[in-house]
Amino acid sequence: MDKNFNHLQDMELMNRALFRAGHLYILLFGLINAALGAHLKLSKTKWINLVQKLGSLVIFSATILVIYGFFTELPTENIERPLTRFSLYLILFGVSVHGLISLVPNKYKTI
């Protein structure tokens, strides 16, 4: 942004806001990955373990997609960013999967 966009100084306000939102999404997704990596304990129960790995894979994929979307969808004259929107849905799904698995009673989890 320093070399190509002059620190966003001459950019239209909507595009500046989209750049900033993109940075915040990347930061948020990184924090979700860091928190999940620090606190996740995989279950020894096969089906729970599989669901945990699926949720983690979805979260990781969403992170890659939001970074790719940041570089391919900006700057634009259109406010629609389909890759970024889809990555937000994916991260919501992945975090929800981990949240729901955390509600499974401990008798089903052999940690």
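The model is predicted, so local features are taken at pLDDT of at least 70 and side-chain atom pairs at pLDDT 80 or more, while totals for chains, interfaces and linings use all residues. Residues are numbered from 1 along each chain as its sequence is written, and side-chain values use heavy atoms, with hydrogens and water left out.

Start with the overall plan. The protein has four helices and zero strands. Along the sequence the pattern reads α-α-α-α. Helices here are DSSP runs of H or I with at least four residues, strands are runs of E with at least two, and both are numbered from the N terminus. The protein has 111 residues, and 32% of them count as buried. Buried means under 20% relative accessible area, exposed means over 50%, and partly exposed lies in between, using a 1.4 Å probe and protein chains only. Now look at contacts, meaning heavy atoms within 4.5 Å. Take those between residues at least 6 apart in sequence: 68% of them join residues at least 24 apart.

Next, see how the helices pack. Two packed helices are described by the angle between their axes and the distance between the axes. Each axis is a line fitted to C-alpha atoms, for helices over the stretch in contact, and angles run from 0 to 180 degrees between N-to-C directions.

Begin with α2 and α3. Their axes come within 10 Å and cross at roughly 155 degrees. That makes α2 roughly antiparallel to α3. The cut-offs are simple: under 35 degrees is roughly parallel, over 145 roughly antiparallel, 65 to 115 roughly perpendicular, and the rest oblique. The crossing of α2 and α3 is left-handed. A left-handed crossing has the near helix turned anticlockwise from the far one by less than a right angle; clockwise gives right-handed. On the α2 side, the contact is made by F19, G22, H23, Y25, I26, F29, I32, N33 and L36. On the α3 side, S56, I59, F60, A62, T63, V66, I67 and F70 take part. By class, this contact of α2 with α3 has twelve nonpolar, five polar and no charged residues. Nonpolar covers Ala, Val, Leu, Ile, Met, Phe, Trp, Tyr, Cys and Pro; charged covers Asp, Glu, Lys and Arg; the others, Gly among them, are polar.

Move on to α3 and α4. Their axes come within 8 Å, crossing at roughly 160 degrees. That makes α3 roughly antiparallel to α4. The crossing of α3 and α4 is left-handed. The contact of α3 with α4 has 18 nonpolar, nine polar and one charged residues.

Now pair α2 with α4. Helix α2 spans residues 13-39, and helix α4 spans residues 82-102. They pack at an angle of about 20 degrees, with their axes 12 Å apart. That makes α2 roughly parallel to α4. This crossing of α2 and α4 is left-handed. Here Y25, F29, I32 and L36 in α2 meet T84, S87, L88, I91, V95 and H98 in α4. By class, the contact of α2 with α4 has seven nonpolar, three polar and no charged residues.

Zoom in on single residues. I91 sits in helix α4. I91 is buried, at 7% relative accessible area. Leave out residues up to four places away in sequence, and I91 touches F29, I32, I59 and A62. I91 and V66 are 25 residues apart along the chain, and their C-alpha atoms are separated by 9.8 Å.

Q52 lies in helix α3, residues 46-73. Q52 is buried too, with a relative accessible area of 6%. Beyond its neighbours within four places in sequence, Q52 is in contact with L40, K41, L42, S43, H98 and I101.

Finish with the aromatic rings. The structure holds one aromatic pair. The ring centres of F70 and F71 are 5.3 Å apart and the planes stand at 80 degrees, so the pair is edge-to-face. Rings of Phe, Tyr and Trp (its six-membered ring) pair if their centres lie within 6.5 Å; planes under 30 degrees apart are stacked, over 60 edge-to-face, and the rest tilted. F70 is buried, at 10% relative accessible area. F71 is exposed, at 63%. F19, in helix α2, is buried at 3% relative accessibility. F19 and F71 are 52 residues apart along the chain, with their C-alpha atoms separated by 9.7 Å.
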